[in-house]
Amino acid sequence: MPVYIQIADQIRQNIHQGVYRVGEKLPTETKLAEQFAVNRHTIRQAIALLKNEGLLRVDRGRGTFVAAKTIRYAIGKRVRYNQTLKAQGWQARFQLLRILEVPADDAIAKGLEITYGEPVALIERLGFADEEPISVGTGYFPLKRFPDFLEPKNIKILQEQQSISQLLQQIYGCDHIRRSTCVSARLVQPQDAKWLQLPLNQPILLAESVNVDQTGNVIEYGVTRLRGDRMELFFENELFVD
């Protein structure tokens, strides 16, 4: 068996036995090379193997860390953030970051299919899984459709329910259906890095979504930034049987 695989087996065993815990930084390549009496290239091979397995993550400039369990999030017809996390045993919650009225810029107007400059409600929230920040979501809602969206009583309901979908259903009798989602990768921006507790060179997933009501009218344009080291997105297709 190649030496790097033997070393990976030992590190893997240490992780499973709790010698290295989730989020803990591993010794440097130099120290590991001394520990296993091999060169640094062999250590890099072992680390790369464990990284591909999802057991380790490498933060450039910071070191190698034990990776936490990946959270799988389905991109399907329904917006089910809370339910998805709870189904996997995570405790989900949100912290409100910003609530304000803004004029629609080009991207918002295009997403909501409204006129440039129209007033929209901006709701920005930090999402947690077991008290670990994993996402920053910014939702834009047309105030022409929801004129009292930013009223204190509605924001109170949002904080209590922890769900945009439930707020829309409870106050407006409005369904919350995903029409489209575009996912891309980019480096985290400074403010998001602070909220998500990430280094500035860390890649994240960026999901732009357009959501509609039960009649097909656009009710939300959303931009969500997700931790690429913690989140895994997969797409669900609904099957229709004649």
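**A pocket, a helix pair and an aromatic pair**

A pocket here, on a 1 Å grid over the protein atoms alone, is an open set of points where a 1.4 Å probe fits, with protein on both sides within 12 Å along at least five of seven lines, and its lining residues have an atom within 4 Å of a point. The model is a predicted one, in which local features need pLDDT of at least 70 and side-chain atom pairs count only at pLDDT 80 or more, whereas totals for chains, interfaces and linings use all residues. Residues are numbered from 1 along each chain as its sequence is written, and side-chain values use heavy atoms, with hydrogens and water left out.

Of the 17 residues that line this pocket, Lys51, Arg57, Val58, Gln202 and Asp229 lie nearest its centre. Strand 1 (residues 56-59) gives the largest share of the lining, four residues, where strands (E, at least two residues) and helices (H or I, at least four) are DSSP runs numbered from the N terminus. By class, the lining has six nonpolar, five polar and six charged residues; Ala, Val, Leu, Ile, Met, Phe, Trp, Tyr, Cys and Pro count as nonpolar, Asp, Glu, Lys and Arg as charged, and the others, Gly among them, as polar.

Elsewhere, helix 2 (residues 29-36) packs against helix 3 (residues 40-52) at an angle of about 105°, with the axes 9 Å apart; axes are lines fitted to C-alpha atoms, for helices over the stretch in contact, and angles run from 0 to 180 degrees between N-to-C directions. That angle makes the two helices roughly perpendicular, a term for angles of 65 to 115 degrees. Glu29, Thr30, Leu32, Ala33 and Phe36 of helix 2 meet Arg40, Ile43, Arg44 and Ile47 of helix 3, contact meaning heavy atoms within 4.5 Å.

Five aromatic pairs are counted, with rings of Phe, Tyr and Trp (its six-membered ring) pairing if their centres lie within 6.5 Å. Tyr140 and Tyr221 form a stacked pair, 6.0 Å centre to centre with 20° between the planes, where stacked means planes under 30 degrees apart.

Note on methods
Angles under 35 degrees count as roughly parallel, over 145 as roughly antiparallel, 65 to 115 as roughly perpendicular and the rest as oblique. Rings of Phe, Tyr and Trp (its six-membered ring) pair if their centres lie within 6.5 Å; planes under 30 degrees apart count as stacked, over 60 as edge-to-face and the rest as tilted.
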